[in-house]
Amino acid sequence: MRLKVSPRLFAVVAVALGVLYMVVANWGGNPLSLKNIATFLVVGIALGGIYAILASGLVVTYATTGIFNFAHAAIGCFLAFTYWQFSVNWGWPVPISMAVVLLVIAPAIGIGLDRLIMRRLRDATLVVQLMVTVGLMLAFMGITLTIWKPTTGRTLPQFFRGSSGVQIGDVTATWHRIITVAVAIGIAVGLRWLLYRTRLGISMRAVVDSRSLAGLTGAKPARVSGASWALGCMTAGVAGILIAPETGLVVENLALLIVVAAAAAAIGQLKSLPWTIAGGLIIGLSKAFAGVFLSFDQNWTYASEAIPAVILFIALLFLPQARLETGKAKLTKRTERLTKPWEALLGSGVVFGLVFIWAQGWIPWFGTMFGTRSDVWLGRAAGFMVLGVITLSLVPLIGWAGQVSFANFAIAGIGAVLFSHFGGQNGDPIGILLVMLVCAPLGLLVALPALRLKGLYLALATLAFAEFADKVIVRHPNMLDPSATGTLFEPLRIFGFQISTNVGDRQAFVVFITLIFSLFMLGFMLMRRTRFARRWIAMSDSPAASATIGVNLTVQKMLVFALSGAVAGFAGCMLGLSSGALRVDSFPLFAGLPLVLLLAVQGVRYPIAAFMAVLGLASFPAINEMLGKPSWLTAIELIGPGLAAIGMAFRPEGAVFYAGRDLAGLLPWRKDARLEKQLLVARTRQENIKKDEINDLGLTRPFTPDKVSQLDRVLNVADELDEHPLVATRGNGSGRGQHSGNGHGRVPAATTEVLG
Amino acid sequence: MSALLTTNDVVVRFGVLQAVSHASLEVEPGRVTGLIGPNGAGKTTLFNVITGLQEPTQGRVVLDGVDITQKSPFKRARLGVARTFQKLEAFSSLSALENVLVAAEQRRAWDKTKFDPAAVATEMLDRVGIGDVADFMVGTLPTGTARLVELARALATNPKVLLLDEPSSGLNEEETEEMAVLLRRLVADGLAVLLVEHDMSFVMGTCEYIYVLDFGQVIATGSPAQVQQDPKVQAAYLGTLPEEVSA
């Protein structure tokens with residue numbers, strides 16, 4: 001038992017020492033006077049109050065619907081801009097603007113999301129749930145950026161800006177801050193009252209405990225989920241409107257508050273409102289403490305922005321271990337077969353060939369319109385193929401092992417930075433190996449605090465790491481040249497050959513990186529046939545069953561993270577080479593998200609989907625240029641992947657799967673696919689007949705015993721119950737009903753019909 | 001005959017609810033031991049305790065003389081505990097063959113004897129009688145067949161004790177009979193089987209010894225005939241109060 005605790009203890013001590021070091025090293029010299037402490041408290045509590053509001057809405061939605069809304073802060077951002085539009089730009093009175101935004105638009109968004117998207121996600125895998133809400137986040141960011149162009153500065157005034165506020169000792173608490181705290185307390189009390197004193201709230205809490213049971217006792221899970229989404233959006237709106245005067249109306253900053261909300265929610269273990277509110281206050285106070293007492297030197301300029309990410313990390317260390325649950329295995333009904341080695345070779349050969357002939361300029365018919373082989377596009381192609389390799393690194397991780405990580409782009413960024421120190425600047429390839437050796441354990445380190453927790457926390461931890469890497473690691477002046485030109489990279493030299501990346505001579509690098517991409521793709525396609533991939537997929541399909549056949553889940557997760565980290569690190573080395581220079585702002589957190597989403601949309605378990613994802617990413621600037629860069633397309637790089645990912649609520653398996661299912665039969669050697677298709681059609685027809693039969697009965701509530709026995713007859717379960725009176729008496733529903741409903745045969749129900 | 005697997009005074013408490021209370025079982029090699037009881041009696045919870053998915057509030061699990069109460073699930077698997085699940089836990093996005101292959105390959109981590117995992121996997125599928133669906137994705141198979149995949153997967157780990165959680169649900173009569181034959185053959189080879197089952201004719205036909213669980217407590221033990229005659233058992237199943245039965 002002691003051994004189990006000590007790595008955690010070690011981590012806690014390490015983080016504590018790190019934080020202590022940062023505090024001591026950056027002590028600003030402000031005395032711990034009463035005035036300073038009072039300022040710290042006033043600022044911190046007000047800020048923490050806003051965070052608490054934001055996070056409590058997130059928790060209410062998550063607890064009642066099981067869906068963690070990554071778009072929560074982005075929705076708040078959109079609502080803050082809407083409020084600015086009404087109250088500032090159109091000059092509506094504050095109460096009216098407020099009422100329209102918070103009581104009309106916010107609930108409408110919430111109910112709309114619930115109806116159109118979220119209800120479909122209830123039984124979806126975690127990967128799909130996460131992709132859809134991250135997609136929603138990007139879509140909301142994109143829409144906000146399109147409507148309110150960031151080129152114009154906007155400010156949201158504080159409430160009662162003119163008046164002086166309240167004097168507390170030597171410190172003035174502005175009315176805005178007082179209102180903020182009052183609203184936060186009001187919302188906390190209001191939520192408590194709603195959840196414990198109203199019928200809706202009691203239904204909501206019942207649904208948290210057991211959706212199906214709550215449904216039986218008369219709570220309406222559908223209405224509850226609509227209400228909780230509406231409530232979530234309203235709190236996001238309140239938080240957005242309150243915080244925008246402090247942080248400015250900047251889309252990225254406001255949407256990034258999701259990390260803050262996630263950290264506070266993690267402190268509340270995603271279910272406890274009081275602890276979530278406490279979490280918000282802790283983060284607010286920490287930031288205020290850094291603001292009042294610390295002064296970060298130029299080495300750590302952005303460190304205070306990473307505070308929420310660090311707190312999220314610490315919170316994860318204190319969470320209790322997740323149990324291996326049974327009965328939650330997701331049943332995916334896919335028919336597909338393994339890619340044969342020669343098919344993998346053909347596929348990766350085609351990918352390489354396509355890019356190769358394009359880079360050589362052997363495809364004349366694109367003309368100057370679309371995807372033209374200009375220097376600009378060659379440069380972009382180089383960058384896109386590097387991103388493709390990073391995307392490939394996610395296939396075993398997310399696609400097979402089901403471990404959702406947003407950190408791989410950050411790891412690649414760190415790899416790029418390290419490569420510049422390991423001789424990459426001089427075009428020396430030996431550093432690549434070193435980088436991979438560092439990035440493999442780095443990938444592991446990121447995942448470590450979350451390995452013993454459920455999958456969602458892993459996604460949060462990796463998001464926090466990406467934020468931390470962006471704000472603290474990459475921006476440290478020892479890492480990259482902080483000037484505008486950045487750190488420069490010489491072209492790579494391998495065995496005396498120099499792979500040029502110079503303008504006008506770029507196709508060499510494009511061909512080189514495409515070759516590497518194809519080789520990685522081939523490698524992963526072949527790897528899917530090995531025991532490693534099988535074990536990871538098994539682990540993702542059912543962790544409990546994997547453990548009971550002897551799989552050490554922790555070791556397997558560590559393996560896949562290390563592999564993924566090493567590949568991402570390799571890609572990172574290419575990152576600097578592809579553009580010839582790296583700047584500190586080369587790796588913003590949001591840059592990687594569209595590719596993760598596009599990979600998921602294409603089919604996260606298939607290596608070829610990485611290439612499709614890159615093509616998808618390339619299509620956005622191409623379309624934009626083709627249409628002459630209209631202003632409504634400025635944010636297409638966000639809206640495009642965002643909307644595509646939202647579409648996964650309707651088609652969760654990915655385009656490669658659907659294309660394979662529907663089109664594989666066209667390949668002359670795929671007789672099996674043609675047969676499979678026939679089976680599918682037959683099965684669907686049979687299911688529809690059964691559905692029609694049930695519909696024809698016209699049964700409505702209340703369900704009398706008579707109606708139930710009618711239903712039993714249609715489903716062929718009537719005889720069953722008579723045979724086993726013992727079982728029937730205690731109403732044992734486990735399994736018996738499945739008996740005939742799924743057909744007696746061992747082969748899928750439709751097989752006999754078609755084959756026989 | 002000494003017991004291969006024993007649970008000793010196991011208690012599992014969820015808040016105020018005592019899901020399993022002071023349950024002591026002995027599972028002996030070479031025979032099928034039945035564990036029956038109405039819904040919610042704590043059968044599956046006890047399975048989870050034995051396989052390490054649920055930490056008991058109190059009590060011990062002993063395998064072959066070794067206390068495994070504190071061991072993690074994968075270590076117990078390596079010591080010879082295998083199971084199937086009441087609610088399907090098959091690897092639904094792998095083919096039937098791959099499902100079993102994962103288990104056979106994993107066995108290499110502790111089994112030093114030489115064997116070919118692919119051959120073992122094929123053999124196990126044939127053994128449970130589903131060799132014809134080897135290449136089908138398990139998610140597309142009917143529930144009963146997927147259960148047999150789980151069984152083949154459990155067998156591929158070469159267990160000493162096999163825990164089956166309602167293996168016959170989803171099977172038709174003929175298949176249930178085949179399952180009974182298979183179980184008899186397995187125990188004849190020296191395997192210890194602990195069976196949770198609601199199909200009474202199946203239980204009575206295959207089990208040599210039965211434990212009856214109600215509200216987490218063992219209320220009766222004995223041969224099928226003894227257990228069937230027990231008034232407490234009838235009361236538990238028919239929901240009649242014990243007083244009325246004795247009256």
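Predicted model: local features only at pLDDT ≥ 70, side-chain atom pairs only at ≥ 80, totals over all residues.
Let me begin with chain A. Chain A contains 33 helices and six strands. Of its 756 residues, 47% are buried. Turning to contacts with a separation of 6 or more in chain A, 78% of them are between residues 24 or more positions apart.

Two residues of chain A deserve a word on backbone geometry. The first topic is Q269(A), which sits in the loop between α11 (257-267) and α12 (273-293) of chain A. Its phi is near 50 degrees, a positive value in a residue other than glycine. Is Q269(A) buried, exposed or partly exposed? Q269(A) has 17 C-beta neighbours inside 10 Å, and therefore counts as partly exposed.

I turn now to K629(A), in the loop between α25 (608-626) and α26 (636-646) of chain A. For K629(A) too, phi is near 50 degrees, again a positive value in a residue other than glycine. K629(A) is exposed, because 11 other C-beta atoms lie within 10 Å.

I come next to chain B. Its domain 1 covers 1-80 + 159-247, while domain 2 covers 89-158. The C-alpha centres of these two domains of chain B are 24 Å apart. Their contact involves 10 residues from domain 1 of chain B and 12 residues from domain 2 of chain B.

Which elements give two or more residues to the domain 1 side of this contact in chain B? They are α2 (73-79) and α6 (173-188) of chain B. The most comes from α6(B), with three residues. By residue class, that side of domain 1 of chain B has six nonpolar, one polar and three charged residues.

Conventions:
Residues numbered from 1 in each chain as written. Chains lettered and ligands numbered in written order. Domains from an automatic or database assignment. Contact = placed C-beta atoms within 7 Å. Helix = DSSP H or I, 4+ residues; strand = E, 2+ residues; numbered from the N terminus. Nonpolar A, V, L, I, M, F, W, Y, C, P; charged D, E, K, R; others polar. Buried ≥ 20, exposed ≤ 12 C-beta atoms within 10 Å, placed from the backbone.
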